[in-house]
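Good morning, and thank you for coming.

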Amino acid sequence: MNVKAYIGILIAVMGTAFLNSCEDPIPTDLYIEQTLIEALLIVDQPIEGILITRSSPIADTFNFEKNFISDAEVIIFSEQDTFAIQYRKGLYSSEYYCPDTSKRIKSGTRYNLRIQLKDGRLFTSAMTTPLPFKWTKTLPPEMQFPKDTNNLQRPDFSIFTTWEAPPNQTEYVLRLRCLDTLEYGKYLTPTTREKNRRVFRFFENTNSARYKNTSQYIFLGNSTITPVAWLAFKWYGQQEVSVLAPESNYMRWFKQRFGGNSFNPRLTNIEGGAIGAFGAASIISQETFVIKNQK
């Protein structure tokens, strides 16, 4: 390489450095902390699982317990009742709940949420709980997982469940929950000491944070009938099958929570500057036992 080439490279490097020095420094104070609220109620059940957290800058490592706001004053009330909400630290996560489990959420009732933080900020919301509904056909008490696993992606229309639509309800959510991920044989007749195991699902990401969740949520749209999709079950054994009929705020939260990894602040129904949802759903549940396929 000749001298002229060296000079050309030197000029280019110096010019780049000069231009970079003329640019504004990268701003470090653009991040604005947000308060996140998740208060989802279930009709005919006590209040639990209310989450109040603060957001983290993208450059920080997220820590749920560190970001949880544990000293808020929380009240949920209607014209007929008031729930005194308290904080408790759990084994895996924290939550706000109502210690009086005899007090249940009523259907067709307007509830208000009031959250007061120590720094003086006040967040409020309101919604009306949906009406109850019931099964018209339930699943059998036992279901044999197909021995032929080649066609598991097809819903099994020979086994299905249906329900009666409540007034003005247009969308539903299916929840499948394994009630015992460890034991299997104790539910058989006669009982055995056989342990439970997972259903092999070729599409499952074992590194996902949801991999160990015992519940699976599936959006059903406006259908009031669902056939069994075998790969929807995460374990064999004793299962709880539930259908939720959410009101609009719960439904908007669900579609964003399980349909992506972001929440649109414009879809929040929390007043006062927080992001999140205050919603409710009616629920019907039944139990069934999924018999293992043959290895």
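Backbone, salt bridges and a cavity

Please keep in mind throughout that this is a predicted model.

Let me begin with the backbone. Most residues other than glycine have a negative phi, and most peptide bonds are trans. With that background, we may look for exceptions. Where does a cis peptide bond occur? It joins Thr189 and Pro190, with omega about -5°. Pro190 belongs to the loop between strand 11, residues 172-178, and strand 12, residues 215-221.

Asp44 is not a glycine, yet its phi is positive, at about 70°. You will find Asp44 in the loop that runs between strand 1 (35-42) and strand 2 (51-54). Asn168, also a residue other than glycine, has a positive phi near 65°. Asn168 sits in the loop between strand 10 (156-164) and strand 11. Is Asn168 buried or exposed? Its relative accessible area is 80%, and because the cut-off for exposed is over 50%, Asn168 counts as exposed.

I now turn to the charged side chains. Side chains of opposite charge can pair when their charged atoms come close. How many salt bridges does the structure hold? There are 14, and I shall discuss a few of them.

In one of them, Lys89 pairs with Glu65, and their closest N and O atoms are 3.3 Å apart. This pair links distant parts of the chain, for Lys89 lies in strand 4 (residues 82-89) and Glu65 in helix 2 (residues 64-67), 24 residues apart. Lys89 is exposed, at 58% relative accessible area, whereas Glu65 is partly exposed, at 27%.

Next, consider Arg88, which forms a salt bridge with Glu95; here the closest N and O atoms are 2.5 Å apart. Arg88 has a relative accessibility of 32% and counts as partly exposed. Glu95 has a relative accessible area of 16%; because buried means under 20%, Glu95 is placed in the buried class.

My last pair is Glu240 with Arg175, whose closest N and O atoms are 2.9 Å apart.

Finally, let us look at the space inside. Rolling a probe the size of a water molecule over the atoms shows where empty space is left. How many cavities of 30 Å³ or more does a search of the whole structure find? The search finds one. The largest cavity has a volume of about 40 Å³.

Which residues line the largest cavity? They are Leu176, Arg177, Cys178, Thr214, Gln216, Ala232, Phe233, Lys234, Trp235 and Gln239. Strand 11 provides the largest share of this lining, with three residues. Sorted by class, the lining has five nonpolar residues, three polar residues and two charged residues.

Thank you for your attention.

Methods. Residues numbered from 1 in each chain as written. Heavy atoms only, no water. Helix = DSSP H or I, 4+ residues; strand = E, 2+ residues; numbered from the N terminus. Buried < 20%, exposed > 50% of the residue type's maximum accessible area, 1.4 Å probe, protein only. Salt bridge = Lys/Arg side-chain N within 4 Å of Asp/Glu carboxyl O. 1 Å grid on protein atoms, 1.4 Å probe; cavity = no way out; pocket = protein on both sides within 12 Å on 5 of 7 lines; lining within 4 Å. Points joined across faces, edges and corners; volume = space filled by probe spheres on them. Nonpolar A, V, L, I, M, F, W, Y, C, P; charged D, E, K, R; others polar.
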